[in-house]
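Q: I have a structure here that is new to me. Can you walk me through it?
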Amino acid sequence: MDKILNLQNLAHIEPFSSQFALLSGMYLLTRIEVPTESNAHPGYTHPLSQVDTPFRLDGLLVLSNAGGQIELNANTDTYALCANDIVIVRPGTLISFANLQAPIDFTLLFISTDFLNSLNIDLNSLEIKALVSRPRNVMRMSKNGNELIRKYFDLLQQNASKPTDYIFRTRIARMLISAMTYETLGLALNTHTDDYSFERVDSDPEATTRIQNYVYHFIQLVHVHYNKHRNIEFYARELCITPKYLSMVTKQITGQTAARWLSRVTVQHAKNMLRYSDKTVQQIAYDLNFPSQSAFGKYFKRFTGMSPSAYIKSFDK
C-alpha cells in the first residue's frame, strides 16, 4: 500500500522552515532555505528526506523554486526544477524528491483534498496538453512572475496567522488559493506578455505543431467567448477550420471533445457566479446568454446533477 502525504505527516517540516503556516484541515505553507555549507555538515539530512521514498499526494502540491536545483519524481516523470520554476502536482500523484543539494530555496504549498474540493478550481485546466507535447506541469517563469506568486504565499501565511475565531479566515483562504491558481495558469497561457514569460520545458518540436496551436487557441477563445457562443461552428470559423476537424484534434490533444470544453468552462463560471456573486439565478442565466432561467437550469443540472438553487443551498449547510 502506498504511503500517503497529507497535512498531518508533512507538518514535521516546520523545524526546517524559515517560513511556515498551517491552517488546520486546509493548507500548509513552508519555505525551505538551505545554505551551501550545510552539505558539509556531519549528519546533515535535507528537510524532505522523509519523502525520498514515494508518497501518494492526498492534496494539491505547488512548489515554487527560488534558487538551487531540485529533482521531483511524479509518477513516471522526473521534473528538474531550476530557479524561478513552479510545478503543480495533482492529488493522487505518486511523488518523491531526489538530489536536493544545498544551496536551495523553495516554497511549498500543500492544499488538502477536502479543502481543494470546496474551491471550484478546474484541475483539468492545469494540465492543458496543448501547451506542450506531453502533459507537464513545470512552468519556467521570469523572476517577476515568480515574485508575484510569492506574494500570494505571503498573504496565505498572514491569513493562517489570524485568530481561530476570525470568521472570514476560511473564505479568504478559498479566494486566495483560487486566485493564485488561476494567476499561475494565466502566466503559463499568456506566453508573450510584457511583464512575465513562460518557457516550454519540453524541447520536443512536436509541441509547436499546427494541430496543437489550433487547440491552444481554441481553449483561449472558449475562455473569452463562453458566455456568448456555445456552438463549435463559431470557434471553427474563428480558427478557419471545419467543426469536424476542430472536434477531432481537440479530442486528440486534450482527451476531451471541443463540446466538453465548452460545457466545462461554462459550468465552472456558472458555479463561481452562483456561489460568490449576489446575482439571482435569473440574472446569471441572462449574463451567460441563456434564453431563459429554465434553459439555464436544465443545462446546469445536466452537467452537475443538481439545479442552480440546490447548488447554492449546498453551501449553506
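A: One term before we start: buried means under 20% relative accessible area, exposed means over 50%, and partly exposed lies in between. Keep in mind that this is a predicted model.

Q: OK. On helix H10, which residues are exposed and which are buried?
A: Phe296, Gly297, Tyr299 and Phe300 are buried in H10. They sit on the same side of the helix, because they cover an arc of only 165 degrees around its axis. Lys298 and Arg302 are exposed on the other side of H10.

Q: How many residues does H10 have, and what is its reach?
A: H10 runs over residues 293–304, which is 12 residues. From first C-alpha to last it reaches 16 Å, close to the 16 Å expected at 1.5 Å a residue.

Q: And what comes just after H10?
A: Gly305, with a positive phi of about 85 degrees.

Q: How do S1 and S4 run, parallel or antiparallel?
A: They run parallel, and 3 bridges join S1 to S4, which covers residues 55–57. Leu5 has Leu57 in S4 as its bridge partner.

Q: Last topic: how many disulfides does the structure hold?
A: It holds 0 disulfides.

Q: Then is Cys240 buried or exposed? And how does Cys82 count?
A: Cys240 counts as exposed because its relative accessibility is 70%. Cys82 is at 28%, so it counts as partly exposed.

Terms used: Residues numbered from 1 in each chain as written. Predicted model: local features only at pLDDT ≥ 70, side-chain atom pairs only at ≥ 80, totals over all residues. Heavy atoms only, no water. Disulfide = S-S within 2.5 Å. Buried < 20%, exposed > 50% of the residue type's maximum accessible area, 1.4 Å probe, protein only. Helix = DSSP H or I, 4+ residues; strand = E, 2+ residues; numbered from the N terminus. Expected span 1.5 Å × (residues − 1). Arc of directions from axis to C-beta. Pairing = 2+ DSSP bridges.
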